[in-house]
Amino acid sequence: MSLQKTKRNQLRIKYGIAFVLLLFIEVIIALYVHDSFVRPYVGDMLVVILVYSFMRIIIPEKCRLLPLYVFLFAAGIEVLQYFKLVHVLGVEDNRFLRIVLGSVFDIKDIACYGIGCMLLEALERKKSRSIL
């Protein structure tokens, strides 16, 4: 196996572990945290990092604009909430889909997604500088 392929697989494993840990944290927050800060704000910041980690399992090589793409995806889902996607699809009685897709539009969620993606970008830049 080539060194490049080994490095890609190691990155996939690291991001896979990060994904599983973040998913676990998100589930704990969703099930047990019912406050006015962690669940609505920290949870939204973490969800974009969760999506980013998942994408890095698929695309382990550096993708310069991936934090932006993740932000656009998350913001797009939020905008679909404004248009009542859950009701349009007829899945408002499905608790899982209602949680995954969301059902209430909030501009503050988009701000949290932005902050989460800016953190990702800052971490990626720091990591790139430490490699050089």
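Residues are numbered from 1 along each chain as its sequence is written, and side-chain values use heavy atoms, with hydrogens and water left out. Because the model is predicted, local features need pLDDT of at least 70 and side-chain atom pairs count only at pLDDT 80 or more, while totals for chains, interfaces and linings use all residues.

Let's start with how the helices pack. The axes of H1 and H2 come within 8 Å and cross at roughly 155°; axes here are lines fitted to C-alpha atoms, for helices over the stretch in contact, and angles run from 0 to 180 degrees between N-to-C directions. H1 is therefore roughly antiparallel to H2, a label for angles over 145 degrees. The crossing of H1 with H2 is left-handed, and the residues in this contact divide into 17 nonpolar, three polar and four charged.

Now follow H2 to its packing with H3. Here the axes lie 10 Å apart, at an angle of about 125°. H2 and H3 cross in a right-handed way.

Next, look for the largest pocket, with a volume of about 1300 Å³. A pocket is an open set of points on a 1 Å grid where a 1.4 Å probe fits, with protein on both sides within 12 Å along at least five of seven lines, and lining residues have an atom within 4 Å of a point. The lining has 35 residues, and Asp44, Val47, Ile99, Val100 and Gly102 lie nearest the centre. Two or more lining residues come from each of helices H1 (3-32), H2 (38-58), H3 (66-82), H5 (95-101) and H6 (107-131). H2 contributes the most, with nine residues. By class, the pocket lining has 22 nonpolar, four polar and nine charged residues.

Lys84 sits in the loop between H3 and helix H4 (85-89), and its phi is near 60°, a positive value in a residue other than glycine. Most residues other than glycine have a negative phi. Lys84 is partly exposed, at 44% relative accessible area, where partly exposed lies between buried (under 20%) and exposed (over 50%), using a 1.4 Å probe and protein chains only. Ser130, in helix H6, is exposed at 59%.

Terms used. Grid points are joined across faces, edges and corners, and a volume is the space filled by probe spheres set on the points. Helices (H or I, at least four residues) and strands (E, at least two) are DSSP runs, numbered from the N terminus. Ala, Val, Leu, Ile, Met, Phe, Trp, Tyr, Cys and Pro count as nonpolar, Asp, Glu, Lys and Arg as charged, and the others, Gly among them, as polar. Angles under 35 degrees count as roughly parallel, over 145 as roughly antiparallel, 65 to 115 as roughly perpendicular and the rest as oblique. A crossing is left-handed if the near helix is turned anticlockwise from the far one by less than a right angle, and right-handed if clockwise.
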